[in-house]
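Open the model in your viewer and keep the selection panel at hand. Each stop below says what to select and what is there.

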Amino acid sequence: MAHTYIKELEKHDGHEVVLKGWLAQKRDSKAIVFLVLRDGTGFVQCIVDINTVGEEVFEMAKKLTQESSFTVTGTVRKDDKQFGGYEIQVTALTIYSLAVDYPITPKEHGTGFLMDNRHLWLRSKRQWAIMRVRNTIIYSIHKFFQERGFMQMDAPIFTGNASEGTTTLFETDFYGQPAYLSQSGQLYGEAMAFAQGLIYTFGPTFRAEQSKTRRHLSEFWMIEPEMAFYDLAMDMDLIEQFVQHVVGEVLDSCKIELKVLERDTKFLDRVKEPFIRMKYEVAVDHIQGLKAVDGKTSIQMLEDDLKNIQDEISSKQKDIEEREVKMASGALTKGEKNFNQNKIDQLKNDIKDLEEKATNIPQWLNSAKNFKRGEDFGGSDETVLTRMFGQPIMVYNWPREVKAFYMKEDETDLGYAKGVDLLAPEGYGEVVGGGERETDINKLIGKIEEHKLPMDVFEWYLDLRRYGNIPHSGFGLGLERLVAWICGLQHIRETIPFPRAFGGRLMP
RNA sequence: GGGAAAAUAACUCAGUGGAAGAGUGUCUGCCUGUUAAGCAGAAUGCCGGAUGUUCGAUCCAUCCUUUUCCCGCCA
C-alpha cells in the first residue's frame, strides 16, 4: 500500500492511511500513547490506544524514542484542536529504527550547540517551517519571472577578473591560473539580456567580506534579473510587483509555517500597498529629522521609541518580581513552579534584548543627526527610515560616487546615478539593489579608470555598448535576506540549510 | 578591520579560595486524551587548555584555544 503524506490528510478524512516518518514528540500514560509523527510535509498526532491496538503494538509505541523512524496505519480523524487539523487513530505500527540519545531535546539550546548539530537541527519544527517558506519563495520567484516571459540563464561561478578588489573575493586555482568565485552575475546578466531580452540568474554568490553579523553570509543565493529596454521607472515597477508577488504567495500558502514561526504579519500585509518611492536627497531629509511623517520626525520617533522600550523593561521587571514572590510563597506545585521559572527566564531574556535596543537607540540618534549628505546609508539609517513608514521604501537617484561604475548617470539630475535600493521594514534593511545601466561608453571607460579597475577584463563588457547599445536595467536580490525578513528571523544563519559565514564553521 | 562578553552535567545556567549545585532531558515506577503545568525515585562531572600566586585554585593573575554578541563593509 502506497503511503500518504501528512499534507494530504484532509483528502482522507475518515479513511485508513499509512504514514511514514519520524517521532517528533511523545507523551504516554498507562493505556494511551500520543505520538507526534513528522514526515517532512507536516506534523500529526497519532493516538495509540491499548484497547484498539493490543498489547504488542502498544509496547512498541511506548518504546519509541525521539527521532525514531516508523510507519503507522490508522484512521484519519478531524480534530480542530490539532496543529494540522487532523489526528490518526492508530491500528498498526512498525519500527524502522530506534534512535538512541538524540541530542536535540524539546527544550532550550544555545546557538553554538544547535549549529554544531545543524544536520539534525533542520528536523526541528521551526527550521522545518523556515525551509518550507524558503522553498515557497524560490518557487514563487521562478513563477513570477517565467510567467512574464523571463528566461533563466546562469552566470558563471568561476570568474577571471578581480574587478572590485580581491579582498572580498575567494581565490581558487583554475588549472594553474587564479580564478575567483562569483560575487555577482550582473555583468554576464547584461550580456544575456542582449541575447534574450528578459533574463534572470539564480545562483550562489560568494563574498569573502570579513563581516560577522546577523545579516551576512559568505555563500548566499542571489537572483539577478536584467531587462532590455527597461528604464529606472520600469525597473522600480518590476521590483514592486515582484516583491508583492513573493510576499503574497507566502502569506497565501505558508499559513501553518508562519504560525509555527509566530510571525506577526502586520507589516507583510502592508506590502500589497504601493511602495514608497523617494529620491536619496528626500530620504536624507527624513533621516536627519528635517521632515516629519505623521507629525513626527525621525528624532522624535527615536526618542519615543526609547521611552517605550524603557517602559516595557520596567513592566517586565515588575512581572518578574511578582512571579518571584509567588514562587517564594511555596504554595505552588512543581509544574507551576517550572512554568513560572520558564516565564521568568524568558522575561529576563526579553529584557536583555530590550536593553540592547535601548543602548542602540542613542547611537542611532547620533548617527541620524550627524548623517553626512552624499554618503551611503549605514544599517541604522536604513532602520530609522523604514521605521518611520512601516512599509517597503525604494530609494533612488543616489550620489554617483557611492554606487557602482556601471550605474547610469541621470541626465536631468547630474551627479546622481539611476540606482535604486529597496529597504524592507522592521529593520531588515536593503534586500534589493538595482538600477539602470550606463549606456555611454565614454562615461563607462571614465568610471573604470576612476575606480582604477583593469580595462582589459572589461573589454567584452564594453562590447555590449559597441554592438546594439540599448537602455537596460536590472536588480539583484539576496534570497536569504528576503527569507529572514518574511520569516521575521533574528539571524540570517537560519535562512539557509548549511550556512557558511566569516569566522563560522565548515562542518556540518 | 574595530569593540564587548562567555567557557561548570547530555542541554540551559547558578555558585564558592577549603569535600560540586538547580532546572530540563534521560532511565524506573504510578496516572486512560495529552499538546513546554501530574506524582515519586535514580544515574550523570579532570568546573575549556597551559603556566603562575597560594598550605590549598573550578574561583585570583597571565597566555592560548573555542564560542557568542555589537559596529564598519555589503545582498
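**Stop 1: a loop glycine**

Select G415: its relative accessibility is 27%, so it counts as partly exposed (buried is under 20% relative accessible area, exposed over 50%, partly exposed in between, with a 1.4 Å probe and protein chains only). This is a predicted model, where local features need pLDDT of at least 70, side-chain atom pairs count only at pLDDT 80 or more, and totals for chains, interfaces and linings use all residues; side-chain values use heavy atoms, without hydrogens and water. Residues are numbered from 1 along each chain as its sequence is written, with chains lettered from A and ligands numbered from 1 in the order in which they are written.

G415 sits in the loop between strand 13 (393-399) and strand 14. Helices (H or I, at least four residues) and strands (E, at least two) are DSSP runs, numbered from the N terminus. Now show what G415 touches: W398, P399, R400, E401 and E409, leaving out residues up to four places away in sequence. Contact means heavy atoms within 4.5 Å.

**Stop 2**

Next, colour the open sheet of eight strands, in the order 6-10-11-16-15-14-13-12. Its pairing is mixed; two strands pair if DSSP finds at least two bridges between them. Which strands are at the edges? They are strand 6 (151-152) and strand 12 (276-279), each pairing on one side only.

Zoom to strand 11 (residues 219-228) and strand 16 (residues 472-478). These run antiparallel and are joined by five bridges. Pick E226: its bridge partner in strand 16 is G474. Axes are lines fitted to C-alpha atoms, for helices over the stretch in contact, and angles run from 0 to 180 degrees between N-to-C directions. Helix 4 (residues 125-147) lies across strands 6, 10, 11 and 16, at about 150° to strand 10.

**Stop 3: helix 12**

Select residues 379-389. Is helix 12 enclosed or open? Nine of its 11 residues are buried, so helix 12 is largely enclosed by the rest of the structure. Among the buried ones are D381, E382, M388 and F389. G390 follows helix 12, with a positive phi near 70°.

**Stop 4: two loop residues**

Jump to Y175, in the loop between strand 8 (171-174) and strand 9 (177-181). Its phi is positive, near 50°, and it is not a glycine. At 76% relative accessibility, Y175 is exposed. F229 lies in the loop between strand 11 and helix 6 (232-253). F229 also has a positive phi, about 65°. Its relative accessible area is 56%, so F229 is exposed.

**Stop 5: the second largest pocket**

Select R207, E209, M222, E430 and G433. Of the 41 lining residues of the second largest pocket, these lie nearest its centre. A pocket is an open set of points on a 1 Å grid over the protein atoms alone, with protein on both sides within 12 Å along at least five of seven lines; lining residues have an atom within 4 Å of a point. About 1,200 Å³ of space lies in this pocket. Grid points are joined across faces, edges and corners, and a volume is the space filled by probe spheres set on the points. Strand 15 gives the largest share of the lining, five residues.

Key
On a 1 Å grid over the protein atoms alone, a cavity is a set of points where a 1.4 Å probe fits but cannot get out, and a pocket is an open set with protein on both sides within 12 Å along at least five of seven lines; lining residues have an atom within 4 Å of a point.
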